Amino acid sequence: MHLYGITSWLLTSLCTLVAPLYTGTGQRGRVIHQPALPPSYPLAVRNPYLSAWMPSDRVQMLPYAEPQFWAGQDLGWSIMVRVDDQTYSLMGVKDPGKDVQPAVVHGAEYTATHSVFTASAGTVMVTLDFFSPVSPANYLRQSLPFSYLTVSVSGTSGNSVQVFSSIDGRWTGESGGAVCEFSNAGSTAMFSLKVEDATLYAESSDMATWGEAILASRPTASSKLSFASGNRALVMSQFAKSGRLAAGRQQCKSGDIVALSHELGVVTGEKEVTFAIGYVREKAINYLGKAYTGYYRAEYPDTYKAVSYFLDDYSDALSESQILDRKLSTTAESVAGQKYADIVTVSTRQAYGGIDLTIPNDTLDTSEALAFIKELSSDGNVNTVDVIMPAFPIYWVMDPDYIRLLLEPMMKYLAAGRWHKPYVIHDMGSHYPNAVGHDDQQAEPMPIEECGNLMVLILAYVRATGDEAWAAQYFDILKGYADYLVENGIDIAEQLSSNDAAGPLANETNLAIKAAVGLKAFGELTGLTEYSNIADSRADLLFAQGLGTDGQKTHFVLQYPDKPSSWKIPYNLYPDVLLGLGTFPKEVHQMSSAFFKSVRGEYGVPLDSRQDWAKSDWNMWLAGTLDSSTCSEFVDDLWAFMTSGKHNWPFSDRYIATSAEGNTPGVPVLCRARPTVGGHFALLALQGPGSLRVRLPKQEESSSLGEQGSQQVLGEERQEL
């Protein structure tokens with residue numbers, strides 16, 4: 001069966017379920033974007049170092065357009081098809097030469113896991129399906145550092161067809177020094193490109209340089225596979241003239257390509273071939289001086305066998321993606337409308353594309369699985385708590401175990417006593433992939449922010465999974481941080497919040513809200529009602545007694561006391577609603593629903609009264625606390641920014657929302673491809689934990705403990721403490 005069949009399924013599901021369409025007209029005619037126009041299409045997005053995108057403004061000229069790494073570097077990835085002795089470029093053929101004609105691009109579509117482009121090449125229709133699985137409950141599938149490209153060709157005239165794909169050394173981060181190797185010990189043909197004598201854990205402009213870029217495929221029952229490497233123009237010319245590649249010595253010099261070609265024979269009806277593209281790091285993460293590798297290596301320590309398995313797994317991965325794509329789209333639409341569905345579906349791959357799921361490289365022990373997340377687009381910190389925090393709504397609905405997997409590296413470090421400050425550490429390393437902690441005690445200080453975040457995240461994990469035993473082992477640590485919130489959560493010294501670009505403040509109301517909600521979360525987690533009582537009294541002080549509001553109680557102020565005209569979006573109220581803590585009364589949300597209609601800019605509400613820029617993740621958090629009318633406005637504004645055509649980065653979560661300060665609204669600011677877009681799932685998260693979890697019958701159970709046993713252990717732990 002062809003993909004879903006991808007053409008029929010996507011045209012049926014997207015055309016009937018989603019609207020409106022965006023139509024862009026380029027030199028070669030009209031390209032229809034469905035279900036909406038995203039800033040950039042995810043092509044191969046699996047982890048911080050396998051992250052290839054096609055900017056939406058390049059789609060109309062796709063045959064010539066090169067994809068980009070998330071940080072903006074162009075990548076060499078070419079796709080061609082040869083029909084009855086005439087070769088057509090489909091993507092990335094920048095200088096095609098006289099023997100190659102550009103195909104005509106007709107459509108671009110996306111779901112949560114697929115980006116699909118349709119084009120005509122002579123008398124045949126060609127579909128390019130870029131499929132990056134999102135399978136968080138299946139650790140093996142999720143951890144494989146590869147993505148699929150399936151090229152489908154349909155025709156009725158009995159055309160002779162060949163398909164070509166190639167990549168170049170730019171995938172290695174240092175194209176000038178890339179060398180290639182070739183393997184075909186089995187049916188799979190696999191090229192690898194790597195930097196000779198690379199330094200372990202080294203980067204070049206956020207690209208890993210110590211691994212291997214992979215291009216692989218295998219013949220089908222109706223195709224013959226050929227391969228070659230070498231000079232780009234010569235290899236492409238060879239395909240254009242004969243439709244096949246003549247294998248040489250498989251050596252590469254600077255600027256060379258590696259290429260695979262399928263000869264499909266005569267096509268009447270439809271045929272397809274699938275390629276795998278990836279980036280492999282055997283030693284993926286440096287965790288406290290110990291190498292961690294991808295979880296998949298417990299089963300497939302050999303890269304060739306891992307790639308072969310990945311190709312074997314295509315059918316099952318595809319079936320799972322069908323379920324997820326449909327479930328996510330229809331559920332999101334039912335929750336907050338079609339525009340909301342458009343937002344979360346394009347955010348899904350990006351949210352998981354910042355994560356590596358790993359195990360120790362020496363033992364390959366899957367019971368020691370840890371997840372690491374990169375703070376993309378800023379300083380590259382490892383497992384930043386206030387990156388995990390805004391992203392966690394997607395983990396809550398997809399697979400809540402990821403909250404634990406991402407927190408565990410830090411919790412082990414804190415439990416070892418290597419962090420001496422009385423508040424939670426900001427991150428587990430200054431730059432990915434070195435999760436080496438901060439034994440020098442010099443991590444960026446965000447005391448209230450991270451203490452409050454940790455309480456909420458751990459309670460969210462326990463509520464979602466029932467695994468109280470995991471939290472119980474860290475009781476002493478958590479109690480110390482709860483006490484810190486008691487002592488410092490109302491008379492707040494000048495400090496940064498998660499939005500460090502806005503600068504430090506003293507007595508920031510939104511941080512005081514976080515402290516109160518964090519204390520309530522700790523009280524709920526442990527049963528220590530004195531902390532819950534303090535949280536309730538803090539909430540009463542901030543709202544009922546008016547410390548954190550203006551005199552008329554129309555809104556929360558930016559700082560207290562005596563800042564009546566200032567304001568900031570109080571997104572820290574969202575966990576109070578999500579977890580049903582009841583720290584703040586419903587009147588707070590009624591107040592916010594009315595107020596934020598009055599400060600709405602062209603593309604939504606800015607972060608606070610000092611800024612003209614908004615944060616999309618926090619705005620969706622706040623929307624989850626508002627009445628339906630105001631919530632819909634927040635969704636409409638984010639959709640308008642997403643589809644405006646004013647930026648072509650992987651979805652920026654920070655952008656100019658209003659022209660009030662003279663800047664152009666709808667323009668992104670600094671942030672690209674950040675996994676914090678998981679916060680866009682805040683409205684879906686209100687449907688309950690695991691509400692979008694997809695598990696096929698074959699999939700193994702996750703490692704979280706059963707609810708009954710976990711609760712018993714925590715009860716015993718409480719008595720001991």
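**Entry 1: Asp 256**

I looked up Asp 256 and found that this residue counts as buried because its relative accessible area is 7%, where buried means under 20% relative accessible area, exposed means over 50%, and partly exposed lies in between, with a 1.4 Å probe and protein chains only. Asp 256 sits in the loop between helix 3 (232–242) and strand 19 (257–280); helices (H or I, at least four residues) and strands (E, at least two) are DSSP runs, numbered from the N terminus. I then took the C-alpha to C-alpha distance from Asp 256 to Leu 541, which is 67 Å in space for a separation of 285 residues in sequence.

I note that this is a predicted model, in which local features need pLDDT of at least 70 and side-chain atom pairs count only at pLDDT 80 or more, while totals for chains, interfaces and linings use all residues. Residues are numbered from 1 along each chain as its sequence is written, and side-chain values use heavy atoms, with hydrogens and water left out.

**Entry 2: Domains**

I looked up the domain assignment, which gives domain 1 (32–302 + 310–319) and domain 2 (381–598 + 675–686); such bounds come from an automatic or database domain assignment. The centres of domain 1 and domain 2, taken over C-alpha atoms, are 41 Å apart. Their contact takes 17 residues from domain 1 and 19 residues from domain 2, contact meaning heavy atoms within 4.5 Å.

**Entry 3: Nonpolar cores**

Which residues have the most contacts inside the largest nonpolar core? I found Trp 77, Phe 392 and Tyr 395, in a core of 207 residues. Domain 1 and domain 2 each give at least three residues to this core. Here a nonpolar core is a set of buried Ala, Val, Leu, Ile, Met, Phe, Trp, Tyr and Cys residues joined through side-chain atoms within 4.5 Å. Another core, of 20 residues, lies apart from the largest one, and its members include Phe 146, Ile 214, Val 307 and Ala 317. As general background I wrote down that in soluble globular proteins nonpolar side chains tend to be buried together.

**Entry 4: Cavities**

How many cavities of 30 Å³ or more does the structure hold? I found 9 of them, a cavity being a set of points, on a 1 Å grid over the protein atoms alone, where a 1.4 Å probe fits but cannot get out. About 150 Å³ of space lies in the largest cavity; grid points are joined across faces, edges and corners, and a volume is the space filled by probe spheres set on the points.

The lining of the largest cavity has 16 residues, and Asn 47, Ser 143, Ile 355, Asp 356 and Leu 357 are the ones nearest its centre; lining residues have an atom within 4 Å of a point. Strand 3 (40–47), helix 2 (139–143) and strand 22 (355–360) each supply at least two residues of this lining, and strand 22 gives the largest share, 3 residues. By kind, the lining divides into 9 nonpolar, 4 polar and 3 charged residues, with Ala, Val, Leu, Ile, Met, Phe, Trp, Tyr, Cys and Pro counted as nonpolar, Asp, Glu, Lys and Arg as charged, and the others, Gly among them, as polar.

**Entry 5: Backbone details**

I checked the peptide bond from Gln 34 to Pro 35, which is cis with omega near -5 degrees, and Pro 35 lies in the loop between strand 2 and strand 3. Ala 36 lies in the loop between strand 2 (29–34) and strand 3 as well, and Ala 36 counts as buried because its relative accessibility is 2%. A cis bond also joins Tyr 560 and Pro 561, with omega about -10 degrees, and Pro 561 is found in the loop between helix 13 (529–544) and helix 14 (574–578).

Is Asp 84 buried or partly exposed? Asp 84 counts as partly exposed because its relative accessibility is 41%, and its phi is positive, about 50 degrees, although it is not a glycine. Ala 673 has a positive phi near 60 degrees, and Ala 673 is buried, with a relative accessible area of 2%.

Key
1 Å grid on protein atoms, 1.4 Å probe; cavity = no way out; pocket = protein on both sides within 12 Å on 5 of 7 lines; lining within 4 Å.
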